[in-house]
Amino acid sequence: MAINWFPGHMATAKKEIRRAMPDVDFILEILDARIPFSSENPMVVALRGHKPCIKVLNKCDLADARVTEAWLAHLERIPGVKARAIQSNQPSQARALLELGRSLLPRDRTAHRKILVMVLGVPNVGKSTVINSLARRSIAKTGNKPAVTKAQQRIHNVGDFILLDTPGFLWPRLSPAACGYRLAVTGAVADTVVDYQDIGEFAARFLLQSYPDALRARYNLDTLPDEPKALLEAIAARRACVARGGVVDFQKVSELLVRELRQGLLGRLSMESPPEVAVVEAGLAEAGLAEAELGLGEAVGGEEGEDVEGDAPVEDPV
Ligand SMILES: Nc1nc2c(ncn2[C@@H]2O[C@H](COP(=O)(O)OP(=O)(O)OP(=O)(O)O)[C@@H](O)[C@H]2O)c(=O)[nH]1
Ligand SMILES: [Mg+2]
């Protein structure tokens, strides 16, 4: 089943971002270093126009360092874009972003008034943690689940900067479907709209393909099965996820696998790399599908009265 999550508060967040944008000097677009493609909200390009943008690969402590390097090089090829990898609870890394942003502004712009920096990105990617590191105080609420920040918040007195924290928002159709699954596995989608057994199998398939050694080491498995479901069964047997009568509790083992992957207990993992993504992008462009698939037509252009989905999953029309 396709995963989509675009509840009313995200549509509102997007409108408020659009409203605040004219006064913004530069943008810190926070991406998840494990999924820089899937966590890059395609609506941001239209929202930011020509504002300078630093793409911040956050949670780089959880991602494969070599793949992150490749992503930085890939992203810096985009005109007007800088890219940096950080672990946002390391304040020195976060603070360097402000000076980089300042360097992107025309000199006359920075002299007379404070610099307004908007921090935006998908839910649970670490925006408020970045804000707290930049402000050197715990001023924005953070939490290990999506949709913690509910409204924009301005933080004054950060040197000559003003920081704007924003609620995380996704886009109406998470497409290709794998993007939705990666967002769900890494924690950007509410638990209420995902089927854990589904994303558990997705995570199992990904780990079998890309990180088999991590699986062997973490779950003490000498041989790995070929199929994701069989892998979940093998992990269930080792982690007390089997009910009476030998029935595997797939819900419980899926939750366990996803939780451990999110926490970095299987090591540093990257779920996508630039070459794979280039193939996907080329495929969408060739088929002329990009806008329609993403559900962006009315979402980017429309302001008032746009379609707003509730918390329930949206059926994928494709
Ligand atoms: N490992 C790791 N965890 C991080 C990092 N930055 C943030 N986190 C954790 O990610 C979770 C989400 O952080 P928040 O700052 O609340 O994320 P947010 O983007 O503001 O989330 P919303 O307001 O819900 O959109 C928290 O548990 C943070 O501790 C990081 O660099 N590395
Ligand atoms: Mg937040």
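How are helix 4 and helix 6 oriented to each other, roughly parallel or roughly perpendicular? The legends below, written for a predicted model, begin with this pair.

**Figure 1. Packing of helix 4 against helix 6.** Two packed helices are described by the angle between their axes and the distance between the axes. In this view, helix 4 (residues 91–103) meets helix 6 (residues 127–135) at an angle of about 85 degrees, and the two axes are 8 Å apart. Angles of 65 to 115 degrees count as roughly perpendicular, and helix 4 and helix 6 are therefore roughly perpendicular to each other. On the side of helix 4, Pro-91, Ala-94, Arg-95 and Leu-98 make the contact, while helix 6 contributes Val-130, Ser-133 and Leu-134. Sorted by class, the residues of this contact are 5 nonpolar, 1 polar and 1 charged.

**Figure 2. The surroundings of helix 6.** Helix 6 is mostly covered, with 9 of its 9 residues buried. Among the buried residues are Lys-127, Asn-132 and Ala-135. The partners against which the buried residues of helix 6 pack are helix 4 and the strands 1 (26–32), 2 (53–58), 4 (115–121), 5 and 6. Arg-136 follows helix 6 and has a positive phi, near 60 degrees.

**Figure 3. The largest nonpolar core.** This core has 81 residues, and those with the most contacts inside it are Leu-28, Val-117, Val-119, Ile-199, Ala-203 and Leu-257. Helix 8 (residues 196–210) gives the most to the core, with 6 residues. Both domain 1 (8–165) and domain 2 (177–263) give residues to the core, so the core lies between them. As for Ile-199, its contacts beyond neighbours within four places in sequence are Tyr-181, Ala-184, Val-185, Val-194, Ser-254 and Val-258.

**Figure 4. The cis peptide bond at Pro-176.** Most residues other than glycine have a negative phi, and most peptide bonds are trans. Ser-175 and Pro-176, however, are joined by a cis peptide bond, with omega about 0 degrees. Pro-176 is placed in the loop between strand 6 (161–165) and helix 7 (177–186).

**Figure 5. Positive phi values at Ala-147 and Asn-220.** Ala-147 is a residue other than glycine with a positive phi, near 65 degrees. The loop that holds Ala-147 runs between helix 6 and strand 5 (153–158). A residue is buried if 20 or more other C-beta atoms lie within 10 Å of its own; Ala-147 has 20 such atoms and is therefore buried. Asn-220 also has a positive phi, near 55 degrees, and is found in the loop between helix 9 (212–219) and helix 10 (228–238). Asn-220 has 10 C-beta neighbours inside 10 Å, so this residue counts as exposed.

**Figure 6. Arg-259 and Thr-186.** Arg-259 belongs to helix 11 (residues 250–263). This residue counts as exposed because 12 C-beta neighbours lie inside 10 Å. Along the chain, Arg-259 and Thr-186 are 73 residues apart, yet their C-alpha atoms are separated by 8.9 Å.

**Figure 7. The protein as a whole, for orientation.** The secondary structure comes to 14 helices and 6 strands. Of the 318 residues, 41% count as buried. Among contacts between residues at least 6 apart in sequence, 71% join residues at least 24 apart.

Technical notes
Residues numbered from 1 in each chain as written. Chains lettered and ligands numbered in written order. Predicted model: local features only at pLDDT ≥ 70, side-chain atom pairs only at ≥ 80, totals over all residues. Axes fitted to C-alpha atoms, helices over the stretch in contact; angles between N-to-C directions. Helix = DSSP H or I, 4+ residues; strand = E, 2+ residues; numbered from the N terminus. Parallel < 35°, antiparallel > 145°, perpendicular 65-115°, else oblique. Contact = placed C-beta atoms within 7 Å. Nonpolar A, V, L, I, M, F, W, Y, C, P; charged D, E, K, R; others polar. Core = buried A, V, L, I, M, F, W, Y, C linked by C-beta atoms within 7 Å. Domains from an automatic or database assignment.
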